[in-house]
Amino acid sequence: QIPGPPKVDYLFIIDDSCSMRNEQSVLATNLQSFIQFVEAQGLDYQLAMTTTDVSDGHPSEEGRLLPLIGNPADRVVTPLSYPSPQDAFLTNAQIGIDNRASTEQGLEAAYLALSAAEENGPYARFLREDATLAVVLISDEPDASPRPVDFYVNYFRSIKGFRNANLFAFSV
């Protein structure tokens with residue numbers, strides 16, 4: 001049997017504080033290039049995003065993937081996303097600067113999003129067992145997540161299994 005294209009699940013955690021106004025603009029400008037690069041590599045990819053704000057009442061609290069409008073399945077961008085993966089990803093990336101918290105909690109946001117994806121909820125299809133998981137945290141502030149860093153490191157490594165370190169990457 002001939003193996004298919006490599007699979008990669010990308011989770012973007014984007015700082016939505018007011019200091020990120022310019023950075024978000026640059027990010028939006030470069031999203032199309034990112035999708036083009038991923039497609040040129042022949043990857044079977046999925047893209048999802050949330051924010052560094054996990055405060056009560058914020059749209060991304062409890063690890064919700066964005067945007068919250070429409071079908072939860074549309075929050076995961078794939079090569080088949082309509083009208084195009086670039087358009088779908090750009091729509092999802094329009095997160096704004098609505099951070100209500102005084103601190104950015106990127107590690108906690110990643111933990112909440114990935115633990116929600118491990119359950120049988122609307123995001124369960126995001127984490128594919130046979131795909132590499134790449135988490136990308138974009139922020140201009142130090143992380144202020146409430147748990148010790150070792151907690152997050154151990155959790156992230158456990159998703160693919162401690163013996164499968166090559167199936168997980170975390171970039172800041």
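**View 1. Asp44 and its salt bridge to Arg128.** In this predicted model, Asp44 is partly exposed, with a relative accessible area of 24%. Asp44 forms a salt bridge with Arg128, and the closest N and O atoms of the two residues are 3.0 Å apart. The pair links distant parts of the chain, since Asp44 belongs to strand β2 (residues 44-51) while Arg128 sits in the loop between α3 and β3, 84 residues apart.

**View 2. Arg128 and its salt bridge to Asp9.** Arg128 also forms a salt bridge with Asp9, in which the closest N and O atoms are 2.8 Å apart. Arg128 lies in the loop between α3 (106-118) and β3 (132-138), whereas Asp9 lies in strand β1 (residues 7-14), so this pair ties together parts of the chain that are 119 residues apart in sequence. Both members of the pair, Arg128 and Asp9, are buried.

View 3. Arg147 forms a salt bridge with Glu108, and here the closest N and O atoms are 2.9 Å apart. This pair, too, links distant parts of the chain, with Arg147 in the loop between β3 and α4 (149-160) and Glu108 in helix α3, 39 residues apart. Arg147 counts as partly exposed at 33% relative accessibility, whereas Glu108 is buried, with a relative accessible area of 7%.

**View 4. The salt-bridge network around shared partners.** Salt bridges that share partners join Asp9, Asp44 and Arg128 into one network. The salt bridges in the model come to four by count, among them the pair of Asp44 with Arg128, the pair of Arg128 with Asp9 and the pair of Arg147 with Glu108.

View 5. Four strands form an open sheet in the order β2-β1-β3-β4, and their pairing is parallel. Strands β2 and β4 (168-171) are the edge strands, each of which pairs on one side only. From one strand to the next, the twist averages 15 degrees.

**View 6. The pairing of β1 with β3.** Strands β1 and β3 pair in the parallel sense over seven bridges. Leu11 has its bridge partner in β3, and that partner is Val135. Strand β1 is also the strand in which Asp9 lies, the residue that forms a salt bridge with Arg128.

Notes:
Residues numbered from 1 in each chain as written. Predicted model: local features only at pLDDT ≥ 70, side-chain atom pairs only at ≥ 80, totals over all residues. Heavy atoms only, no water. Salt bridge = Lys/Arg side-chain N within 4 Å of Asp/Glu carboxyl O. Helix = DSSP H or I, 4+ residues; strand = E, 2+ residues; numbered from the N terminus. Buried < 20%, exposed > 50% of the residue type's maximum accessible area, 1.4 Å probe, protein only. Pairing = 2+ DSSP bridges. Axes fitted to C-alpha atoms, helices over the stretch in contact; angles between N-to-C directions.
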